[in-house]
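Subject: Structure for your files

Hello,

Here is the structure I said I would pass on. My notes on what turned up in it follow below.

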Amino acid sequence: MPVESVFPRLEPLLTQVQKPVQYVGGELNAQVKDWDACDVRWALMYPDAYEVGLPNQGLQILYEVLNEREGTLAERTYSVWPDLEGLMREHGVPQFTVDAHRPVGAFDVFGLSFATELGYTNMLAALDLAGIPLEAKDRDESHPVVLAGGHAAFNPEPIADFIDAAVLGDGEEAVLLITDVIRAWKGEGSPGGRAELLLRLARTGSVYIPRYYDVEYLEDGRIRRVVPNTPGVPWRVSKHTVMNLDEWPYPKQPLVPLAETVHERMSVEVFRGCTRGCRFCQAGMITRPVRERSITTIGEMVDAGLKATGFQEVGLLSLSSADHSEIAEVTKGLADRYEGTNTSLSLPSTRVDAFNIDLANELTRNGRRSGLTFAPEGGTDRMRKVINKMVTEDDLIRTVAAAYGAGWRQVKLYFMCGLPTETDEDVVAIARVAKRVIETGRQVSGKRDIRCTVSIGGFVPKPHTPFQWAAQLDHETTDARLAKLRDAIRADRDYAKAIGFRYHDGKPGIVEGLLSRGDRRVGKVIRAVYEDGGRFDGWSEHFSFDRWMACADSALADEPVDVSWYTTRERDKAEVLPWDHLDSGLDKEWLWDDWQDAVDEVEVDDCRWNPCFDCGVCPQMGTDIQIGPTGRTLLPLTPVGR
Amino acid sequence: MARTPEGPPPPPVVQRLRIRWAKRGRLRFTSHRDFQRAFERALRRANVPVAYSAGFSPHPKISYAGAAPTGTASEAEYVEVGLQERVELEPVRAALDAALAPGLDILEIVEAAPGALADRLEASHWRIELPGVGVGVAEAAAEAFLVAPEVKVERLTKDGVRTFDARGAVARLGVLDGSARGPLDDSARGPLDDSARGPLDAPGAQREGREGPCAILDVVVRHGIPTVRPDDVLSGLRSVADLVPPEPPRAVRLAQGPLDEATGIVGDPLAHDRDAVGASGIPSTA
Ligand code: SF4
């Protein structure tokens, strides 16, 4: 049955909204496949505004992987701003894809990628606009399978009532697996309806179907256990890990938007995973082991991507790009290849060492050296031992000296506030560090106009990390500590002008904490916030802490738990955590030991250059570290724009 | 001391291209800034040897003529590009067109002859469809507008509300009947229509055949400060004759160029270059 485009109905509304171009699609490299020639159809959503969602690599990769498959199509949809949402409700226009403006409700799968939990209210808005019942139990065969992915899906319990399924880990193979299951089921005439399809997905062992698990609680509010309620459903659901990134060189044809977005560049992921072992970092923990893309594939992807897009900037992405075993060869090779072409390269890396500066110098051979960023994360050597950031203050000072000496004028330092065991002194110490940085910079550069910016945000404990048991710092104390730091920075007039101070107040972190470590009972809070008008919680102008707290009070009134129970409470070893049945590969014993090591200020070395520290991932997932060096070099190519 | 780029200064401009492009279909919602970014990327993808300015952040030598407002379509937008190497016109036109999303279409490229293009863009010819508005009503409104010595309109700018006269700039204002031709029916829209819509919106994207009247305003507006836009003409019609279209109007710029005050016809601004040097593409016929 053909599915009509909603564009004729949408078009008159577009003249009445801000930045209408974000809703029209038509991006370079976008694809529109024939609806009737496909039997499995995906609507992919990044539940935030187009300007943030479009550049998202994960979604672009899946879009391409699915569209390359015969008989399978994928289109994209993003959150609409409240101005258009109001008009769509008034005129009965449903949530649509930007590719062919098809109604999201007509697809087989509605897949949402959650980089952060703050997109949950936007998911509810999209479901409602799409005409899909908010709660999974109210859906039937006519509705898409609502599927969550992305880092937040490692604990999807707070949205368990709203989603039909969740996928943990890398999406490339997972979406194809799900496509095959749906195709087979549809091919057989959809036997057993929606329940059967979801059961088949559950039985793969790597798609989490919340409805097939019951959560039992203890009287005091803790979880007693989580048990499968249907035969054949596994006790634990595993994450997906793509091995050999060279076989998955996506995106091959990156999307180039007409609208302005947050990243006006193309990105090539140089590796996945990170084993530096920073204890606060969920991304590092859940993406193990490290899998590098080879220097040759990186070179080819950069070349093909630039030709396909016309972008002027290439970012070499990963969790810590300077750690790639051949990153020096990659950067030099690319800098040589694109010298004199107005193509610039960037390497997001915040490693505190001289090698990182060498790389940055290479990438700015003939360009301006404006700012370099380092992330010591903790203010004192003690604090950095707790979080396993193996950098001393002297290392940091040596590094910034090298940076200012090489002509960089500004150094940005990232820190966190509210880390486990932290005291006021650990945070106020950042002021002293910043002064030493300026002092050192003035000495080595011989100039007074160098700058240092201190950027600090509140720490939120995350599932599947050693800090998953930790108490989150309440927002009042966070704000008070940040105020003390601000005063300490301002106290010395000789330095105050050279030091910029950026901070985020503690309130949004509490909501993020509630959603990160919440269980199924938190779903009622999310729904109440959504119904009260909550949207775009990642945007300070839309976020309302008071609304979240008021809704939590009423939605949790009958429960023995509240917001502080989820956030500022430390858990003990025996507690069943809401995500224990979701397997990131990390051994819970190992995580607990690492948590104890943190409290004892004991560090652990990276398993790429040291013996395996038995985090559990490789044996549990049947994976291995994949790193170079390969010893190969970049092929000489004739770049565009020469 | 600031570092300066090493090496010789960038090569000089050896050829200047004047380009007419169209903004069609759903891409009429692109803003001028959106087009600029897309165009600069397209120049890189198409390997056009654009000349750059000197300095640490060299910028390409591109100058854009006054853009049709976001939400209006156009068959006559202009941009000029300085090149550091000479090129053949037609291959560049085709490559640029292919490098832009369908709906942003490169129609014609000529090599610039002496004389500034901006000086020749004296006026714009607009066609504004008013679905739901009868021809009689539109004619009465147009007449009231034309007899008024001055029609003050307000426009919200980023510096607040600005009030100015919309009447003085209007050189011609006629009313056509679009309902008989099925105003929003693609087949009748000929060259104005959004030929890009097909591949973009297909399948299942046929415009719903709309019933009812549809007046079309045929307007020629002299450029000035501020330039009077289709919105302003519509505001003027509202203020002189209470004309409030029940559905959002759709405007398309048919031509920009020198104005023949006697006839109210807008000429082709590239005619001079084409005669003097050469062209590739479809000359503007409006
Ligand atoms: S199992 Fe060992 S080798 Fe694999 S990621 Fe964990 S520590 Fe590293």
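In chain A, five strands make up an open sheet with parallel pairing, ordered β2-β1-β3-β4-β5. Please keep in mind that this is a predicted model. The edges of the sheet are taken by β2 (72-79) and β5 (165-166) of chain A; each has a single partner strand, so one side of each is left without a neighbour in the sheet. Further in, strand β3 (residues 109-113) of chain A runs parallel to strand β4 (residues 145-149) of chain A, and five bridges join them. In one of these, A:V109 has A:V145 in β4(A) as its bridge partner. Helix α3 (residues 57-68) of chain A packs on the sheet, where it touches β1 (40-49), β2 and β3 of chain A. The direction of helix α3 is at about 155 degrees to that of β2(A).

Next, the nonpolar cores. The largest one contains 175 residues, and the residues with the most contacts inside it are A:W42, A:L84, A:F110, A:W548, B:F39 and B:L96. Helix α5 (residues 120-130) of chain A is the biggest contributor to this core, giving eight residues. Another core, of 34 residues, lies apart from it; A:A403, A:L413, A:I456 and A:A488 are among its members.

Then the ligand. The residues around it are A:T275, A:C607, A:C612, A:F613, A:D614, A:C615, A:G616, A:V617, A:C618 and A:I625. By type, this shell divides into seven nonpolar residues, two polar and one charged.

- A:Y250 and A:P251 are joined by a cis peptide bond with omega of about -10 degrees; A:P251 sits in the loop between β8 (237-238) and β9 (266-269) of chain A.
- From A:G628 to A:P629 the peptide bond is also cis, with omega near 5 degrees; A:P629 belongs to the segment after α22 (617-621) of chain A.
- A:T421 is not a glycine, yet its phi is positive, near 70 degrees. This residue is in the loop between β15 (410-417) and α14 (424-445) of chain A, and it is partly exposed, at a relative accessible area of 36%.
- A:E601, likewise a residue other than glycine, has a positive phi near 60 degrees. A:E601 lies in the loop between α21 (588-599) and α22 of chain A and is partly exposed, with a relative accessible area of 31%.

Regards

Key:
Residues are numbered from 1 along each chain as its sequence is written. Chains are lettered from A and ligands numbered from 1 in the order in which they are written. This is a predicted model: local features need pLDDT of at least 70, side-chain atom pairs count only at pLDDT 80 or more; totals for chains, interfaces and linings use all residues. Side-chain values use heavy atoms; hydrogens and water are left out. A residue is near a molecule or strand if one of its heavy atoms lies within 4 Å of it. Ala, Val, Leu, Ile, Met, Phe, Trp, Tyr, Cys and Pro count as nonpolar, Asp, Glu, Lys and Arg as charged, and the others, Gly among them, as polar. A nonpolar core is a set of buried Ala, Val, Leu, Ile, Met, Phe, Trp, Tyr and Cys residues joined through side-chain atoms within 4.5 Å. Buried means under 20% relative accessible area, exposed over 50%, partly exposed in between (1.4 Å probe, protein chains only). Helices (H or I, at least four residues) and strands (E, at least two) are DSSP runs, numbered from the N terminus. Two strands pair if DSSP finds at least two bridges between them. Contact means heavy atoms within 4.5 Å. Axes are lines fitted to C-alpha atoms, for helices over the stretch in contact, and angles run from 0 to 180 degrees between N-to-C directions.
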